[in-house]
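Dear colleague,

Please find below the structure that I am handing over to you. My notes on what was found in it follow directly after.

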Amino acid sequence: MSGATQDNALKGSGATRIIIYTVLILFMIFYLLPLYVMLTNSLKPLEEIRGGDMLALPKNWTIEPWRAAWSYAQIGVQPTGLKPYFINSIFMVVPAVLISTSLGALNGYVLTKWSFRGSDLVFGLLLLACFIPFQIVLIPMARILGILGLAGTTSGLVLVHTIYGLGFTTLFFRNYYAAFPTELVRAAQIDGAGFFQIFWRILAPSSAPIAVVTIIWQFTNVWNDFLFGVSFADFDSIPMTVALNNLVNSSTGVKEYNVHFAGAILAALPTLIVYIVSGRYFVRGLMAGAVKG
Amino acid sequence: MIDRFQNWLPRMVLAPSFFLVLIFVYGFILYTGYLSMTDSKMLPSYNWVGFANYEKLFRLRHWNTAITNLAIFGILYIGISSAIGLLLAILLDQKIRAEGFIRPIYLYPMALSFIVTGTAWKWFLDPGIGLENTMHQWGWASFHFNWIKDRNYAIYTVVIAAVWQSSGFVMAMFLAGLRGVDNEIIKAAQIDGATGFRIYRKIIIPMMRPVFLSAFVVLAHLAIKAYDLVVALTGGGPGRATELPATFMYSYTFTRNQMGVGASSAIIMLIMIFSIIVPYVYSELRAGGKR
């Protein structure tokens with residue numbers, strides 16, 4: 001989304017401009033309101049929330065809900081807070097993202113610079129795999145993870161996320177490398193450089209932009225996944241999203257809304273930070289996933 | 001010798017991904033398809049029953065609810081997200097000074113997990129504590145908004161939360177499309193005396209057809225897959241009023257021990273998605289080849 005502002009702007013009076021800005025601001029409120037409500041109410045004591053006004057700033061500021069959400073709120077049967085699940089998610093996300101991105105890079109390299117008879121078919125199969133509803137793989141996957149001894153483990157989830165991320169990572173790198181001059185690869189080949197040498201010396205150094213896009217895309221998807229987590233995880237591998245859902249839905253007795261909000265923000269924080277720090281790349285990934293370039 | 005090795009190396013590099021996807025995607029699809037034709041209950045069984053599960057599926061009230069809900073949800077979600085996305089993109093394209101500040105605000109919900117979105121909206125829409133209660137506090141005693149607790153309206157709250165999450169992304173797609181429109185065409189129209197919204201209605205919006213198509217494909221496939229949001233927002237309730245195919249599949253397979261029926265519902269979901277995605281991917285790849 002780099003293009004300069006175009007000349008197709010409506011030539012309108014001051015009144016038109018006011019209407020435009022009003023609509024834009026109303027929608028800003030619409031998008032920001034839930035975040036604002038969660039944030040302010042996570043800093044209020046529970047009585048204040050029950051008492052009423054959800055839009056008001058806290059009268060008695062407190063960070064107790066955050067401490068509870070992080071380290072001692074009841075999740076399922078354990079009063080552990082979200083911390084262990086946050087760590088589970090990290091241990092799941094980091095390897096899954098790195099492995100699927102590396103494989104995607106190599107796949108993209110082969111598909112564009114070393115294509116062979118049948119490589120288009122392989123790409124077609126990988127591409128179509130991006131869109132399957134994951135419900136279709138839940139039953140056999142549960143069985144295979146059991147057979148492999150990975151049921152309920154973080155390694156099992158890493159495997160699952162790596163496999164179902166391959167389609168997109170390959171797609172991203174393939175589209176990027178397709179625009180990379182093949183003559184450079186051929187020239188290096190004539191000079192006697194091998195398959196991996198060419199990848200490392202020539203393609204890898206200029207792959208930073210697409211690597212960032214791919215890593216952000218994979219990170220967001222794996223971190224935010226719920227279905228695989230709820231289907232295949234056990235106590236010591238449950239990811240953050242599933243733990244958050246347990247926190248919100250399982251608390252017996254009093255519903256501690258402020259703790260729920262603090263927990264929800266904690267679960268959203270990693271992807272939000274990534275988005276704030278590198279929003280440009282995030283958008284590029286979304287678009288690449290939607291419109292094959 | 002070395003040359004032959006170099007020849008095989010690319011295939012060997014691609015092979016692991018190929019076999020993983022072949023087994024874990026296409027093999028699994030076949031396996032689930034097979035299970036959908038057996039009398040599997042809690043565990044897979046290999047007793048062939050033909051299409052009995054599918055016949056049973058379409059007689060189930062829950063499944064019909066799920067399909068009806070998907071139709072309501074899908075149409076409104078796609079329609080409203082596209083409308084808001086297009087509107088915001090056009091407004092943002094009017095040389096807005098603070099565009100760089102506004103755009104990320106529209107888009108950030110896309111970075112959130114549906115579980116987070118569901119948690120936020122569940123509470124916001126809860127009449128006892130959220131919007132309705134706040135309006136009462138502010139003195140608007142007759143304000144009434146309890147859709148999330150109402151069987152007939154709960155599905156629309158799922159639409160609200162889903163639109164909140166995705167409409168900014170649709171805006172980004174349309175904005176990219178608008179920025180790609182050739183200036184000359186607009187200048188020519190202006191010379192011909194066309195102005196303002198007429199140019200948009202008659203010239204620019206019709207040129208956005210590929211973006212509409214992409215947005216439709218992305219949103220439709222998200223709608224069919226929608227699972228987390230319903231779980232977090234309504235838990236499928238009240239009753240089973242917000243059941244969607246994805247939640248149906250999960251509960252029939254893993255909690256009601258009707259694996260055969262669950263598998264057949266998964267196959268129907270796959271058919272729905274592929275009937276949208278396959279033609280799209282095919283035409284995109286062909287267009288890509290021609291370019």
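**The interface between the chains**

Between chain A and chain B, 22 residue pairs are in polar contact, both residues being at pLDDT 80 or more; a polar contact is a pair of N or O atoms within 3.5 Å, where within protein one must be able to donate a hydrogen and the other to accept it, and residues adjacent in sequence count only if both atoms are side-chain atoms. The side of chain A that touches chain B draws its largest share, 16 residues, from helix α1 (residues 14–41) of chain A; helices are DSSP runs of H or I with at least four residues, numbered from the N terminus. By class, this side of chain A has 69 nonpolar, 19 polar and seven charged residues, where Ala, Val, Leu, Ile, Met, Phe, Trp, Tyr, Cys and Pro count as nonpolar, Asp, Glu, Lys and Arg as charged, and the others, Gly among them, as polar.

Please note that this is a predicted model, in which local features need pLDDT of at least 70 and side-chain atom pairs count only at pLDDT 80 or more, while totals for chains, interfaces and linings use all residues. Residues are numbered from 1 along each chain as its sequence is written, chains are lettered from A and ligands numbered from 1 in the order in which they are written, and side-chain values use heavy atoms, with hydrogens and water left out.

In total, 95 residues of chain A are in contact (heavy atoms within 4.5 Å) with 108 residues of chain B.

**Individual residues**

B:T134 lies in helix α6 (residues 131–137) of chain B. With a relative accessible area of 1%, B:T134 is buried (under 20% relative accessible area; exposed is over 50% and partly exposed in between, with a 1.4 Å probe and protein chains only). Apart from its neighbours within four places in sequence, B:T134 is in contact with A:G52, A:D53, A:M54 and B:I129.

B:K95 is not a glycine, yet has a positive phi of about 50°. B:K95 sits in the loop between α3 (61–92) and α4 (99–107) of chain B and is partly exposed, at 42% relative accessible area.

**Aromatic pairs**

Over all chains there are 48 aromatic pairs; rings of Phe, Tyr and Trp (its six-membered ring) pair if their centres lie within 6.5 Å, and planes under 30 degrees apart count as stacked, over 60 as edge-to-face and the rest as tilted. A:Y109 and A:W114 form an edge-to-face pair, 6.4 Å centre to centre with 80° between the planes.

Yours sincerely

Note on methods
Helices (H or I, at least four residues) and strands (E, at least two) are DSSP runs, numbered from the N terminus.
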